Amino acid sequence: MVIKKKEQSLIDINNLPKHIAFICDGNRRWARAKGLPTMFGHKEGAEAVKRIIKRASELGIENLSFFCFSTENFNRSEEEVNYLFEQFKQIEKLIPEFVKYDYKFHHSGDRNFLLPNILRIIDKAEKQTQNCKHGYINISLSYGGRNDIVNATKKIIKANLLPEEVTEESFKKYLSTNPLPDVDLMVRSSGEQRISGFMLYDMAYAELYFVDKHWPAFLGRDLDDCVIEYQKRNRRFGK
């Protein structure tokens, strides 16, 4: 069975990526190109996340991750960091949307860097969507791939695991991205061609797709294009 785009392309629903990870890049460049303050780019970037979630639900894609704020982003101006976290508070208003589309909410990242009011929203969203069945919406906030691996190692040490108990699968359970499956497709917007430390352990065999369009301009049909590109790839997993 296929889903037909309004234009011309076909999506094979029997070959969908189970987990798509987005590096949501280009908010500031989109705003500058339009002569707008940087903050407008972040606001429209949040709207793009909502559009992608809606289209993913229609296609039947189970898991989505969005890299919204890295541990390195704390080096930006205090005004911009504060505005970004104000935008993240809107997640609370999106809880009914997550439930509507039957997605569990998940946060990945270092909670030690987050203020109590943000942690409260994260915990509320995860609790109120815990019975959803379709899959996960993962928001990576205060996230760094190396930081996540280091923190997972510390947890393993505290858990007193024996060396023989540490396997690729058991290690994965200590990452903040658990219980999401490995990433099948990573999409980065705005033309940059690097992964910036995003989900390093989870992307061992991910297909990488770099798109010139800035993140705030992403529409549902852009997700279609990403899936179509994924379905063109021959995934051999080293075989």
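Which helices and strands each supply at least two residues of the lining of the largest pocket? The legends below, drawn from a predicted model, begin with this point.

**Figure 1. Secondary structure elements around the largest pocket.** At least two lining residues come from each of helix H1 (27-33), H2, strand E4 (63-70), helix H3 (78-88), helix H4 (91-100) and strand E6 (135-143). H2 provides the largest share of this lining, seven residues. The pocket has a volume of about 870 Å³.

**Figure 2. Residues lining the largest pocket.** The lining comprises 34 residues, and those nearest the pocket centre are Cys24, Asn27, His42, Cys68 and Leu84. By residue class, the lining divides into 15 nonpolar, nine polar and 10 charged residues.

**Figure 3. Surroundings of His42.** His42 belongs to helix H2 (residues 38-59) and is among the residues nearest the centre of the largest pocket. Because its relative accessible area is 6%, under the 20% cut-off, His42 counts as buried. Its side chain makes a polar contact of 3.3 Å with the side chain of Asn27, another of the residues nearest the centre of the largest pocket.

**Figure 4. The second largest pocket.** This pocket has a volume of about 320 Å³. It is lined by 18 residues, with Gly109, Asp110, Arg111, Lys155 and Ser176 closest to its centre. Strand E5 (103-108), helix H5 (116-128) and helix H6 (145-158) each contribute at least two residues to the lining, and H6 gives the most, with six. Four of the lining residues are nonpolar, seven are polar and seven are charged.

Technical notes
Residues numbered from 1 in each chain as written. Predicted model: local features only at pLDDT ≥ 70, side-chain atom pairs only at ≥ 80, totals over all residues. Heavy atoms only, no water. Helix = DSSP H or I, 4+ residues; strand = E, 2+ residues; numbered from the N terminus. Buried < 20%, exposed > 50% of the residue type's maximum accessible area, 1.4 Å probe, protein only. Polar contact = N/O pair within 3.5 Å; in protein donor to acceptor, adjacent residues only side chain to side chain. 1 Å grid on protein atoms, 1.4 Å probe; cavity = no way out; pocket = protein on both sides within 12 Å on 5 of 7 lines; lining within 4 Å. Points joined across faces, edges and corners; volume = space filled by probe spheres on them. Nonpolar A, V, L, I, M, F, W, Y, C, P; charged D, E, K, R; others polar.
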